[in-house]
Amino acid sequence: MSRTRSTGAKRDELYETAVGEHGRALDRLAAGYEADPEKRHDLRQDIHFQLWRSFELFDGRCSLKTWTFRVAHNTAVSYVNRERRTNAGLVSLEEIERTAPAGEPCEPDIDRGRALQLLGELIRQLKPLDRQIVISHLEEMDAAAIAEITGLSAANVGMKIHRIKNILSRRFLEEKRYA
Amino acid sequence: MPDRPAARDPGAIWRAQPEEKLAVNLAQIVNRRSAELYSSTRSEILMSISAALLFVAVMAWRFAPAHDRLLELGFAAVIAWVAISLYRYRHWIGRSDRSRPDTVAAAGLEYYRRKLERRRDHLRNAWVWHGPLFLASLILLAVLMGKAFPGTERLRSVLPLVVLLVLWTAFGLRRRLRQAKEVQAEIDELEPPATG
């Protein structure tokens, strides 16, 4: 199968478009992989560089958004693997769901900053694939779009999203009980 | 007033996180990558040269009383090889990469591509850097196998080191050629194909 390659000018244009449309989401994605601001900046740079390079090979068979997030997630996953030679310490959604009892919600009068911090901590303890799904879900992508990015089946993603919702509701929606 | 109901919608919290303070600049990234390429090439060269010189120095000290002509000539050849390589590639060693940031920004992709090409050429010249050590180990082996040191006791004691060096050289050559291939692939990606 032949691959249509874009010219240098086209690549720059695609890069500019992708960053214009999804730049903020890419920053948030990096935050899901690295908490330290300096390291995060390096990761963001790496994501942008790989994204820019990747558009040389963009063939339009998937949407610009899917391509952008695929490249960004793959770059971030490589970063995670580089940083922790093994994935020891990272857990799956299933493990979190199994081990975290329902009585561990965040504090009822939690403010936005604290909630974001807890959310970041939750995401960064996940194994890369689950992290991709959680981040994509938080970015309001549907199961089909996430499946396209991750390569999992839509049914599998749907199941994972169900778990994510369960975990998030335990951790964040418990406030309703106090409201 | 604190924004109390924050925790009710994790997605909204996630999407409303504050903007990053530092902006991402593609020209800066290219500049940093170029500097990294330069730095890794430079340290590889210095390490190869140091390893060869250290090996020769230890062997010369160890076998100084033997006064073996082949050994002396061999070590002289290794030192000459190192000296010529150092002179030929002095721009990699004695000088830092002094490209001005504005030049980098202006040249952009072209600048990065040139750095990649230099890195590829360096990797393809693997023999220049691995050669001295390889040559030194071969000379040592030849000498020890010859009549300079009768008996096999000494040969047996040095053989593991020689085998290790030969293996190290083979591994290094393979690794560099593989890296050269990867760099070439990156160069190919940067160059738009000819149309028409």
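In what order do the elements of chain A run from the N terminus on? They run α-α-α-α-α-α-α-α-α, and the secondary structure of chain A comes to 9 helices and 0 strands. Helices (H or I, at least four residues) and strands (E, at least two) are here DSSP runs, numbered from the N terminus. Chain B has 8 helices and 0 strands, in the order α-α-α-α-α-α-α-α.

This is a predicted model, in which local features need pLDDT of at least 70 and side-chain atom pairs count only at pLDDT 80 or more, while totals for chains, interfaces and linings use all residues. Residues are numbered from 1 along each chain as its sequence is written, chains are lettered from A and ligands numbered from 1 in the order in which they are written, and side-chain values use heavy atoms, with hydrogens and water left out.

The two chains may be described in turn. Chain A has 179 residues, of which 51% count as buried; buried means under 20% relative accessible area, exposed over 50%, and partly exposed in between (1.4 Å probe, protein chains only). The accessible surface of chain A comes to about 8400 Å², and 49% of that surface belongs to carbon and sulfur atoms. Such areas come from the Shrake-Rupley method with a 1.4 Å probe, and for residues only the protein chains shown count as cover. Among the contacts in chain A with a separation of 6 or more, 72% are accounted for by residues 24 or more positions apart, where contact means heavy atoms within 4.5 Å.

In chain B, 38% of the 196 residues count as buried. Its accessible surface comes to about 11600 Å², with 62% belonging to carbon and sulfur atoms. Of the contacts in chain B between residues at least 6 apart in sequence, 83% join residues at least 24 apart.

Within chain A, helix 1 (residues 8–33) contains A:T17. With a relative accessibility of 32%, A:T17 counts as partly exposed. The C-alpha atoms of A:T17 and A:K65 are separated by 10.0 Å, although the two residues stand 48 residues apart along the chain.

The aromatic rings come next. A pair of aromatic rings is described by the distance of the centres and the angle of the planes. Rings of Phe, Tyr and Trp (its six-membered ring) pair if their centres lie within 6.5 Å; planes under 30 degrees apart count as stacked, over 60 as edge-to-face and the rest as tilted. Over all chains, 3 aromatic pairs are found. In one of them, the rings of A:F49 and A:W52 have centres 5.9 Å apart and planes at 40 degrees, so this pair is tilted. Both residues belong to helix 2 (residues 37–54) of chain A, where they are 3 residues apart, about one turn of the helix; A:F49 and A:W52 are both buried. The pair of A:F58 and A:W67, in turn, is edge-to-face, with 5.2 Å centre to centre and 80 degrees between the planes. A:F58 counts as buried at 13% relative accessibility, and A:W67 is buried with a relative accessible area of 15%. Together with A:F55, these two residues form one aromatic cluster.

Helix 6 (residues 128–138) of chain A is largely enclosed by the rest of the structure, because 10 of its 11 residues are buried. Among the buried residues of helix 6 are A:P128, A:D130, A:R131 and A:L138. Just after helix 6, A:E140 takes a positive phi of about 65 degrees.

The largest pocket has a volume of about 440 Å³. It is lined by 20 residues, of which A:A35, A:R40, B:Q17, B:P18 and B:E20 are the closest to its centre. Helix 2 and helix 5 (112–124) of chain A are the elements that give two or more residues to this lining.

The largest cavity has a volume of about 50 Å³; volumes are the space filled by probe spheres set on the grid points, which are joined across faces, edges and corners. Among the residues that line this cavity are A:L93, A:L122, A:V134 and A:I164. Helix 8 of chain A gives the largest share of the lining, 3 residues.

Conventions:
On a 1 Å grid over the protein atoms alone, a cavity is a set of points where a 1.4 Å probe fits but cannot get out, and a pocket is an open set with protein on both sides within 12 Å along at least five of seven lines; lining residues have an atom within 4 Å of a point.
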